[in-house]
Amino acid sequence: MEEYQELLKKVISVEHAESAIRVGMLVLVMLPLCFLLANWLRRLVTRRFTAQQGLVAGKFVRYSSVIVVTLLVFNELGFSLAPLLGAAGIVGVALAFASQTSVSNIISGLFLIAERPFEIGDAITVGTTTGIVLSIDTLSVKLRTLDNRFVRLPNELILKNEVINITRFPIRRLDLNIGVAYDADLALVRKTLLEVAEKNPLSLMEPNPLLLFTEFADSSVNILFGVWVVQNKFVPLKNSIIEEIKIAFDENGIEIPFPQRTVWVRDSDADQLTKQQG
Amino acid sequence: MTSTTSIWKQQLEFDTDGQINFACGDFELHCRSINREIQIAKAADEPEWNRWTVRSSSPNFSIQPHLPELAVLCEPESQFCVVPGGETRFFIEIPVSIACIADDFLLAEYPTETLSHTWFGELEKGELCYWIRTKAQLAPSESPSPKLAIAPIAVENQSSENLEISRICLRTSGLCLYLKNEQLWTSETHLKYQGGAANSKVKINDGTPDEAKGAKLIAPAREKGASGFVARTFRSLIQITSSVFED
């Protein structure tokens, strides 16, 4: 028993006890304090700037504090930091080779944060995916699609592809491609379409609607009709104005043609057909 | 048995059937009180009732005219010009909204006219407004519809260049609404143009306009302290960037 107590005294010296307390303080007090600071900073930056900047600021403080506390803990435990950092460098190079995709995503994420092509809450289209940005993280961007699915897009993919930010500007143009019959009075078509746009309360009076006769197509004269709308009224306008255009065209006798093909049957073929049928 | 009210009153009493039919020009609103619930619907063949549960079974119910919550972009029917040193004063008629209030709580606002929206400013940044085509008459209409508020606007061109006015953006949030002889009036807006590069000044006069002396304040400005503000007001060749104007 006495031997055991002697051994314990050797192991738990005063120095070791002080070191253990300091490590405990670092892990149990300083780290939570840093996390609290990170949360507070995130909220503050979000309130004053944007949600994305708040997220970045919070993560920066959180990750930095974890690194600093880890280094301090190693120092307290008696590890020399110089060889540790050297080893970390070598390990880092090895890891970088092994995880090129992840590193590429991280660097792409930094570019995305710096360039800010979109922010949290924006609606974006990347390739065939359209959704609302939920978060912009170190490795990926998370979206909620319009049919409420969760999509994770690697940052590298976003950096390499065309990104359309649908909600960056407060208003946008709704383009409708309309075809009218060749016998339609084009002046009447123009007047009718502009009246429909003017009467629809969701369609903005200014900027003026765009009306462009685009081509003489196979069965119709094609028109590009663009009306401006505020972002959050895009779908209601699209629904209402198409219905209103159809009603207005019907009232004014303007035909929306469908593709037609006239088939001529040669006389000899017609005779043969008649014989077969007879 | 229902009562028909066509004037602005501080407080309205539900009739024995618990109904109020409110008419303002061609705009009609049906209100009814059932137990502790107020139901309101715009006049229609099949009215769509909106319902509110209120604090008491006999709430203090009132209907007030309010100016639209968005700024109003007015397009004069004919573009007009104010020469250097010139002054003009004209009148614009703005359709009001009907605010239904129970026990000092705003239940809903119903626009008496469905106004088209428009955009004032750049494509990247601007302001959503209501759109009104106006005659910009030099004298107020003799008998406008009771649902229209007359807004006097004075423009002073202090610059050395012509002030061509094709659009006027009137920010209604700073305007008070007054009532005189069943006619609604807004505060007067005074604009001083000092040239394209220089700041111009916008001031909303305190009190009633000259034409409505003795009118009663019926709805204060939506934004308190907005008697002077920084804003673009005209759109033509000229943009007015207004500075805060001190009395």
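H66(B) is buried, with a relative accessible area of 16%, where buried means under 20%, exposed over 50% and partly exposed in between (1.4 Å probe, protein chains only). This is a predicted model, in which local features need pLDDT of at least 70 and side-chain atom pairs count only at pLDDT 80 or more, while totals for chains, interfaces and linings use all residues. Residues are numbered from 1 along each chain as its sequence is written, chains are lettered from A in the order in which they are written, and side-chain values use heavy atoms, with hydrogens and water left out.

**Around H66(B)**

- H66(B) belongs to strand 6 (residues 61–66) of chain B, strands being DSSP runs of E with at least two residues, numbered from the N terminus.
- Leaving aside residues up to four places away in sequence, H66(B) touches V96(B), S97(B), A99(B), E109(B), L177(B), A219(B) and R222(B), contact meaning heavy atoms within 4.5 Å.

**Between chain B and chain A**

- In this interface, 14 residues of chain B are in contact with 13 residues of chain A, and H117(B), W119(B) and L123(B) lose the most area on the chain B side, together 46% of what that side buries.
- The area buried between the two chains is about 1,200 Å², with 63% from carbon and sulfur atoms; buried area is the accessible area (1.4 Å probe) that two parts lose on being put together, summed over both.
- The rule finds 2 salt bridges across the interface, a salt bridge being a side-chain nitrogen of Lys or Arg within 4 Å of a carboxyl oxygen of Asp or Glu.
- The side chains of R167(B) and E206(A) meet in a salt bridge at 2.2 Å, N to O.

How values were computed
Helix = DSSP H or I, 4+ residues; strand = E, 2+ residues; numbered from the N terminus.
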